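I open this notebook to record what I looked up in the structure, going from the whole chain to single residues.

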Amino acid sequence: MVAIRITKRQAKGFGFPEGLDPKKKVVPTDGLTAEKKLFLAACKAHDLPPPVDEYKFHPYRRWKFDWLFDGWLALEIEGGMFGIGKPCPKCGRRAVAGHTSIVRLKGDIEKYREALCLGYAVIRCLPEEVLNGSIFPLIKRCLAAEGEQA
């Protein structure tokens, strides 16, 4: 999931109690984090159907999609692409993290192949594509293309 920082005013608008630090990850009583609420608001602003978050798609593996639209179009927001920690002063590289390790990359490939076999289409994107809104027109085009084929 993408970490999105919000202001105190935005936190109040999302129904967080007064005095809550919006930089801390807190799950409100409705079960949706501020990041998820912002994502759902962005989907609504782009006239997209409300997606299902953390959708478990495989019958026996514990794989989940970050978001699932219309029961077939999955959105995976790839975090951990650029390593963790401070860059090395000599070479500028960061420690391996998340989806940059070979083990995680192989696991992701297996997950996306299984999703394809089960009839899902998967859009992979970077967190900044969600933050700047550039991924939403692509989601809309994919959903529209499926509607035309049906």
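Among contacts in the chain between residues at least 6 apart in sequence, what percentage join residues at least 24 apart? I found that 48% of these contacts do so, and I keep in mind that the model I am reading is a predicted one.

**Whole chain.** I counted 5 helices and 4 strands, and I noted their order from the N terminus as α-α-β-β-β-α-β-α-α. I then looked up burial and found that 32% of the 150 residues count as buried, while the accessible surface comes to about 9,900 Å², with 56% of that area belonging to carbon and sulfur atoms.

**Helix H2.** I checked the length of H2, which covers residues 34-45: its 12 residues should span 16 Å at 1.5 Å a residue, and since the end C-alpha atoms lie 16 Å apart, the two values agree. I listed its buried residues as Ala34, Glu35, Lys36, Lys37, Phe39 and Cys43. Just after H2 I came to aspartate 47, whose phi is positive, at about 60 degrees.

**Cysteine 125.** I located cysteine 125 in strand E4, which runs over residues 121-125. Its relative accessibility is 2%, and because buried means under 20%, cysteine 125 counts as buried. Leaving aside residues up to four places away in sequence, I found that cysteine 125 touches Leu75, Glu76, Ile77, Glu78, Val130 and Ile135. For one of these, isoleucine 77, I also looked up the separation from cysteine 125, which is 48 residues in sequence but 5.1 Å in space, taken from C-alpha to C-alpha.

Notes:
Residues are numbered from 1 along each chain as its sequence is written. This is a predicted model: local features need pLDDT of at least 70, side-chain atom pairs count only at pLDDT 80 or more; totals for chains, interfaces and linings use all residues. Side-chain values use heavy atoms; hydrogens and water are left out. Helices (H or I, at least four residues) and strands (E, at least two) are DSSP runs, numbered from the N terminus. Buried means under 20% relative accessible area, exposed over 50%, partly exposed in between (1.4 Å probe, protein chains only). Contact means heavy atoms within 4.5 Å. The expected span of a helix is 1.5 Å times one less than its number of residues. Accessible areas come from the Shrake-Rupley method with a 1.4 Å probe; for residues, only the protein chains shown count as cover.
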